[in-house]
Structures are given as C-alpha cells and as structure tokens.
Amino acid sequence: MTLKEFYDKIGGDYNGVMSRLMKEERVVKFVRRFLDDKSLATLDEKLAEGNYEEAFRAAHTIKGVASNLGFSRLLDSSNELTEELRGGTALANTDHLDRVRADYEQTIEAIHALEN
Amino acid sequence: MDNMGRQKILIVDDSDMNRSLLSDMLEDEYEIMEASDGEEAVAILNLRNTDIDLVLLDLVMPKMNGFQVLTVMKERQWIEDVPVIMISSESSPAFLDKAYGLGATDYISRPFDVAVVHRRVVNTLLLYGKQKKLVDLVTEQIYEKEKTSSMMVHILSHIMEFRNGESGEHVLNINIITDLLLRQLVQICDQYPLSVSDIHLIATASALHDAGKIAIPYKILNKPGRFTDEEYEIMKTHSMQGAMMLEKVTKYKDEPLVKTAYEIARWHHERWDGRGYPDGLKGEEIPISAQVVALADVYDALTSPRVYKKAFTHEQALDMILNGECGSFNPLLMDCLKVSAPQLRELLNSESTQDSGELEVIVDEIGMHEELSASGRTLQLLERERAKYQFFAAISREIQFEYTVSPNMVRLMGSEVAERGLPELIMDPANSDQIREILGEETMQIMNGVLNTATPDQPIVEREFEALGHGGTIRKKVIYRVEWSADEPPQIIGAYGKIILL
C-alpha cells in the first residue's frame, strides 16, 4: 500500500499533509508513531474513573494528533467528542465515543497494512 | 557559547507526537528541549530561562496548563526576555485574547505546517534578538552619557572648591537637593510640566550656578570676616558675570543645558518677593530652575561650614528658611522642602549617593520608554543594586575596600573615604605610599599577616589591633573575606571587607 492509498482508506487528507509536512518520509515516520499513541487507552481509563477533565484532555490530544497527521475522519469524530466532554460532565450516550473508537481502530489497522 | 551559539527552543506539549513533529521540523537549525507538561516547563525555565530563546507552548496539558505557565512567566518577568508562541489546537478568539493578554507573542494553529512553523519561529527570534540588542545598546549609551556629565560635575565641583575654599561638596549637594525638590514639585502640582530628563537637565546645569565667582577677586571671595558694602556689591556681581560667561558660549548657546545654566547663574539670588538681585524679578518671573537652585543654595550654605560661620544643623536650617530668615521663596517649593526634609537629611548624610546617581537616571530614563520594556528584569537588577548600594553606604561610617590581585589594585568605598578625602582607586596597594599614609606602617604589616592566615575553608578573617595615628593610639578592627580561584591548589584572587575605627 502506498501512503496515498493509506490516506484514502482512512478518510485522510493526503494532499494536505504533504503540503504541510513537505516530505513523504517525514509523514510516514509520524504516521508509524501513531501506533505508540496511548490517548485512546487513557480516554477509556479516565472515563471509567469518572475523571471527565482528564478524559477531555485525552480526547483533545487525539484531536490534535489527528489534525497534524491529516487523519480527517478521526479528526471530525474526536472533535465532536472533545466538545461533548468540554463541559466536564459524563457522556449522554456513547455515540461519539464509539465513532472515535471505530475511526481510531481503523487507522491503526491501516497503519499495520501500510507497514507490510 | 556552547553548541556553536545555536538558539534554544523549549517545546512544551503533553503529546509526544506533537513534540516530535515540531522537533523534527526545527532540530536542523535549533537546539531543542522538550517538556511534557506545564510544571516541567516552569522547572526548566526556572533553572535556565536566560538560556532559552523561545518557548513553543501548548494550552491543554496536565498538571499545569499553558495559561498557568504564561501567568508564571509574566509574574516572574521571564516573558519579557523569552518569547512564547502558542501551539494549541484551541483557536477561538477568547483563548487567543487571553494568551496574548498574558504576553504570548504569536500563535501557530494546527495542523502544523513546516513553512509556517519556520517562518513564525524565525520572525519571533529575529524580533526579540533585535530588541535585546537595542536595549543593551541604549542602556550602554545612556550610561556613557551619564558617566560623562556626572564626571564633568565632579570636576567642576573640585575647581570651585579649589578657588572658593568652600566645602567641595557644595556643587554636588546643590545637584542632589535640586533634583529632590523638583521631583517633589511635579508630584504635588501640575503647574510645572517637567519631565524626568528636564529635572535631570536642571540638576546638571545647577553645577554652574556660581561659575561667575571665578571673576570675583580672590581676597574678597575668601575673606573670613564681614564684607564692607563695597565688597558685598562686588560679590553680588557673580550672578550676572556667570550669566555673561555662559552667554558667550556661542557654539552651544541654544542648547537647553546652556540656556538653563544661564537662567540659574543669573537668577539664583532672586527672591519670590522681588527683593533679590541682580534684576529684582518677582514670583513666577523667576524661572523655576533658578527658584529651585536658590532654595537649594540657601539650604546647603546654612548646613555647611564657611570661613565666616559654622554649620547649622539640618533642623536649624529648615526652621530658618521656613521662618523667612533667608528671604522669601515660592510657597510650593517651601512645601516641597518640608515634605522632602527627612530624605534631604538622609541624602546629605551619605555623600556616596552621588555614585549611584547614574544608575538612577538610567532606570528613570528607560522607564519612560515603553518600547524598552523587555529590559524589565535588567532594570529590576539595577534598581536592586542601587538600593543595596545606598543602604550599605548610608549605614557605614567606615572604610570598605575591595582588593583584586589582577589587576593589582584596591578600591575604597564608604562615607569615611569621601570625608577624609581618600582616593577611590589605588594601584599596587602593597607598595603604595598612599595606603601606608592612610593605614600606617603597622596596620599594613598586620593586614598582610592577616591575609596570609585566611584559607579556602576559613575565608573570613577578623582582627582587632591598635595603631598609631592622629596623635594617639586608635583601636581598629578589620574584617574581610578572601576570595579564592577554582584552581588546584586555590590561589587568592582578591578580598573585600572593611576597616572599622573603634
């Protein structure tokens, strides 16, 4: 899979990220590092503890990383989740969280595919 | 300069990915340091903030967020020397306003764009670099300027002393009192719109108030008894003679300093009720510069010894002036004199105040320019040094000294130094006849002996001894701290301390 194919698969913005980060090599390096990202695990953990402030921060981090790497689909869902958590209260339902989880996991899967 | 002088950037973001991304973009040109939360950032800044050239700061972080970091940086005035660029994905106007309000310089929105990150970083560093250089340059120039004019005042005062047989401090005291009264005056009323530099100009120009005395015959000038009417008339011409001399300085006659000096020389013996000389001007017809110097002149003349009288105390002088025994003055200036009385007494008691005057003017002058605010920390340091210097000078009635091996010299300080007319700098003190004269042969030998008993572990030495001097035996105490180099074995590089007369 090429990097372009990877971005198409996860609903990302290949042209955007290439124009910002300039080098495909740099993009690949940081896309790979997304595998080490712990934000989703932190998000789950903090939600389970009822620590919504920290949960907001974790969602915010996912949003920031997704934005920088041009993962547009994940950016949209994490943005909605971030705004929902901004008030510091429990989630009304898990719709946004579920979307973030789905987009996040799809992205991880695609990175593994890119590596092979 | 380590690392070939590469500028240092501190990246503060809780996301490892974001830090790496920025680091990747910048590490070719800059030295990168990272902090993963606000607390860590403050710890790093606290340790080496002067070393860091730029901070890239995220907003939403654990432990301490970006606003809290900015608040600390503002409180401790680090923000004035270390620019901050915000890098949060929070980009609402409210967030940006708050960040700018706390002193952030710029903002890089996400997603990061290599070209944008580079441009913002380069621009900010350039701007701050230029500003730092400018502030240094201006500070240096003002200092040089101040040093020169203060030096001229000192020289003039000694020339006057030489001829007048007056106390050598007269010109210096007039300078201090004039400055003090004018500062007070602009505080209590709006009638005289004098800026800090106007006040400084008048105080400097006051040095020439008695320049005309050069034209007065020596015998009259230094007559110990009462003047005859004729002599008094001749004596009175000094104000007009001084003004004429200044008028003939054609090259600089339009300079504010010369114009002000002219006013002061000509009219510093005028009185508020019109009964002064030479022109009999009344009230506000007399320029404020001359009004103030007239009052300063009277106060200092009263509190100083003269060939024909002894010195009055500060309290006596104040009473005499306020009772109108020395002629009438602007009521506002009398108020200033009353309000400034405690400061006045303190100032005149510690003559070494003069030396810190340069610092004071730098602080004031830079304070007037908002564009120089980046030097806030430097100013604070100067201000602190000044306060410290004045405090030590004021409380000590002793000789303080600072000795350095290279250059081989000793610097003398303290009110005793000026009082006894001792030189400030003495080269090669161990073989100096001047030092021998000041301390006496025995004291010198004792000092040398004491120096040799100090060790790096016990650098502070204290010894009491008796020495011959001034027609009797004087008990003296010397305390000093010897400074050692970091070499192995350590070498003596100098010492500082004081000699106290017991």
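Helices (H or I, at least four residues) and strands (E, at least two) are DSSP runs, numbered from the N terminus. By that definition chain B has 19 helices and 11 strands. This is a predicted model, in which local features need pLDDT of at least 70 and side-chain atom pairs count only at pLDDT 80 or more, while totals for chains, interfaces and linings use all residues. Residues are numbered from 1 along each chain as its sequence is written, and chains are lettered from A and ligands numbered from 1 in the order in which they are written.

**Chain B overall**

- Of the 502 residues in chain B, 33% are buried (20 or more other C-beta atoms within 10 Å of the residue's own; 12 or fewer is exposed, in between is partly exposed; C-beta atoms are placed from the backbone).
- Among contacts in chain B with a separation of 6 or more, 59% join residues 24 or more positions apart; a contact means C-beta atoms, placed from the backbone, within 7 Å.

**Nonpolar cores**

- A nonpolar core is a set of buried Ala, Val, Leu, Ile, Met, Phe, Trp, Tyr and Cys residues joined through C-beta atoms within 7 Å.
- The largest one has 43 residues, and Leu181(B) and Leu295(B) touch the most other members.
- Elements of chain B giving two or more residues to this core are helix 6 (170-188), helix 7 (196-205), helix 10 (238-247), helix 11 (256-267), helix 12 (288-303), helix 13 (314-322) and helix 14 (331-349).
- Leaving out residues up to four places away in sequence, Leu295(B) touches Leu181(B), Phe329(B), Leu333(B) and Leu337(B).
- Another core, of 36 residues, lies apart from it and includes Val42(B), Val60(B), Val82(B) and Ala99(B).

**Helix 12 and helix 13 of chain B**

- The axes of helix 12 of chain B and helix 13 of chain B come within 9 Å and cross at roughly 140°; axes are lines fitted to C-alpha atoms over the stretch in contact, with angles from 0 to 180 degrees between N-to-C directions.
- Helix 12 of chain B is therefore oblique to helix 13 of chain B (under 35 degrees is roughly parallel, over 145 roughly antiparallel, 65 to 115 roughly perpendicular, the rest oblique).
- Val298(B), Tyr299(B), Leu302(B) and Thr303(B) of helix 12 of chain B meet His314(B), Ala317(B), Met320(B) and Ile321(B) of helix 13 of chain B.
- These residues divide into 6 nonpolar, 2 polar and no charged (Ala, Val, Leu, Ile, Met, Phe, Trp, Tyr, Cys and Pro are nonpolar; Asp, Glu, Lys and Arg charged; the others, Gly among them, polar).

**Chain A against chain B**

- The contact takes 16 residues from chain A and 15 residues from chain B.
- On the side of chain A, helix 2 (14-21), helix 3 (24-33) and helix 5 (52-69) each supply at least two residues, and helix 5 of chain A gives the largest share, 8 residues.
- That side of chain A divides into 4 nonpolar, 6 polar and 6 charged residues.

Notes. Contact = placed C-beta atoms within 7 Å.
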